[in-house]
Amino acid sequence: MKIAIRTVTFTLVFLFLINSVLGVSIGISPGRVTFENLLQEGYAERTVTISTNSEEILSGTARPRGDISRWVSFNPDTRDFQISKSNPYKLKVVVQPPEDIPNGNYSGSIEFVTDTIGSVEGRAGGIVKAAVTQLLNVEVSGDEIIECRAGAFSIKDAEIGFPLEFAATVINDGNVRLNPTFTFDFQDQYQEGTVLQEELVGQQVLPTTESRITGRIDQELGVGQYWVDARAEECDTEQILTFSVVEKGGIIDNGVLKSIFNKPWVAVGEPVEFIIKFANQGKRDVSAIFKGTIRLNDKIVEVIETEEVIVPAGKEEDISVFYTPIESGRHVLSGRITYNKKLTFEKSSILNVEVSGEVKESFNIFPLLLYLIIVITILFIIRKILKEKRKNF
């Protein structure tokens, strides 16, 4: 009897361990990676994710296979990895074809194989062998492709005599190493003339990668607000920025015209309120005034200038503009906020004006009442029929 109990117990434990082992799996995303139009001695990378359904920590190794195994490297620079269900592993797969490789298509794979289950501290566990294979395809071409995207331009305020700090994000979609060139056209506060032109060559961006480019621009501009048209030449991208030059040790004001809100449709002669939201992101209070125009068919029908509004540091305030249209059509309010001798970017809002009586009611209650009466009548009839059936029964 005791032998039978021991045998059953051993069998159950053994089956439990088998199920635990067989239940462990790993996955790779994406399952296939293709690198197109690489040059000899070129560079390309892709980020892949290794995951598992195991709550325990799995240790493993990445093993490149096939024709391109000697071209493959990893970032971080190790073939070993550790993963768990709550902590997948992200790995950059880097491919660099050698100088003497002929043009053509090449294939290979990376096999991700687990070794053991155990904690980082080395706690022992059951031995698990799980594997997944990622397929790699590489096209080596002699055609140089210069292609990129740029964005998130920024330029910081500066004290007088100090360089301007510029930054931008560049994504290299081509197959050559790229040192992006930026050109700058600086204009005065009212954008009435160019006061400075400069050029900046950024740091190298490898193919298929994204980098944050930074640089300094020497300047001898006087105190005041300026605008700059910044352009990434190879990426054919430009962006308008604004910044200020202040006295040494001066406080830098920073305000943003966030939005203009109003009713989209009104009738001729109906007063309407435009609500202009302004945020003071600087370190001291500012005096804000909205200045703009209302146009109808590109013709100015009213010039707007509001009263001063004191906006505390770090706060937002609404500035109201009231307007009564006397003609139908598409009215456009455009303008900026002037604050402590600085200007925000311009924003606009549209107001559609119709002749009185043409503005459609937003909600008509008559159809709803009609449907309600019909539904109640049907329910009454059904109830009466059911009562008659019960009587007969």
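**Loops, cores and a charged cluster**

Glu 41 sits in the loop between E2 and strand E3 (44-52); strands (E, at least two residues) and helices (H or I, at least four) are DSSP runs, numbered from the N terminus. The model is a predicted one, so local features need pLDDT of at least 70 and side-chain atom pairs count only at pLDDT 80 or more, while totals for chains, interfaces and linings use all residues. Residues are numbered from 1 along each chain as its sequence is written, and side-chain values use heavy atoms, with hydrogens and water left out.

Glu 41 counts as partly exposed because its relative accessibility is 47%; here buried means under 20% relative accessible area, exposed means over 50%, and partly exposed is in between (1.4 Å probe, protein chains only). Most residues other than glycine have a negative phi, and most peptide bonds are trans. Two peptide bonds go the other way. A cis bond joins Ser 29 and Pro 30, with omega about -5°, and Pro 30 lies in the loop between strand E1 (26-29) and strand E2 (32-38). Another cis bond joins Asn 75 and Pro 76, with omega about 5°; Pro 76 belongs to the loop between strand E5 (72-75) and strand E6 (80-83).

Zooming out, the protein chain has 2 helices and 27 strands. Of its 393 residues, 37% count as buried. The protein chain exposes about 23800 Å², and carbon and sulfur atoms supply 53% of that area; accessible areas come from the Shrake-Rupley method with a 1.4 Å probe, and for residues only the protein chains shown count as cover. Contact means heavy atoms within 4.5 Å. Among contacts between residues at least 6 apart in sequence, 67% join residues at least 24 apart.

Next come the cores. In soluble globular proteins, nonpolar side chains tend to be buried together. A nonpolar core is a set of buried Ala, Val, Leu, Ile, Met, Phe, Trp, Tyr and Cys residues joined through side-chain atoms within 4.5 Å. Which residues touch the most other members of the largest nonpolar core? Of its 29 residues, they are Phe 35, Trp 71, Val 72, Ile 110, Phe 112 and Val 138. Leaving aside neighbours within four places in sequence, Val 138 is in contact with Phe 35, Leu 38, Ile 68, Trp 71, Val 95, Gly 104, Asn 105 and Tyr 106. Apart from this core lies another one of 27 residues, including Leu 164, Leu 200, Val 205 and Tyr 226.

Thr 209 lies in the loop between strand E14 (194-201) and strand E15 (210-217), and Thr 209 counts as buried because its relative accessibility is 9%. Not counting residues up to four places away in sequence, Thr 209 touches Tyr 43, Glu 45, Val 170, Ile 171 and Asn 172. Val 332, in strand E25 (residues 329-339), also counts as buried, because its relative accessibility is 19%. Val 332 and Arg 295 are 37 residues apart in sequence, yet 5.2 Å apart in space, C-alpha to C-alpha. With residues up to four places away left out, Val 332 touches Thr 293, Ile 294, Arg 295, Ser 348, Ser 349 and Ile 350.

Side chains of opposite charge can pair when their charged atoms come close. A salt bridge is a side-chain nitrogen of Lys or Arg within 4 Å of a carboxyl oxygen of Asp or Glu, and by this rule the count comes to 13. Arg 231, partly exposed because its relative accessibility is 23%, meets Glu 233 in a salt bridge (3.5 Å, N to O). Arg 231 also meets Asp 236 in a salt bridge (2.5 Å, N to O). Asp 236, in the loop between strand E16 (224-232) and strand E17 (237-246), has a positive phi of about 50° although it is not a glycine; Asp 236 counts as exposed because its relative accessibility is 57%. Glu 238 forms a salt bridge with Arg 231 as well, the closest N and O atoms being 3.8 Å apart. Salt bridges that share partners join Arg 231, Glu 233, Asp 236 and Glu 238 into one network.
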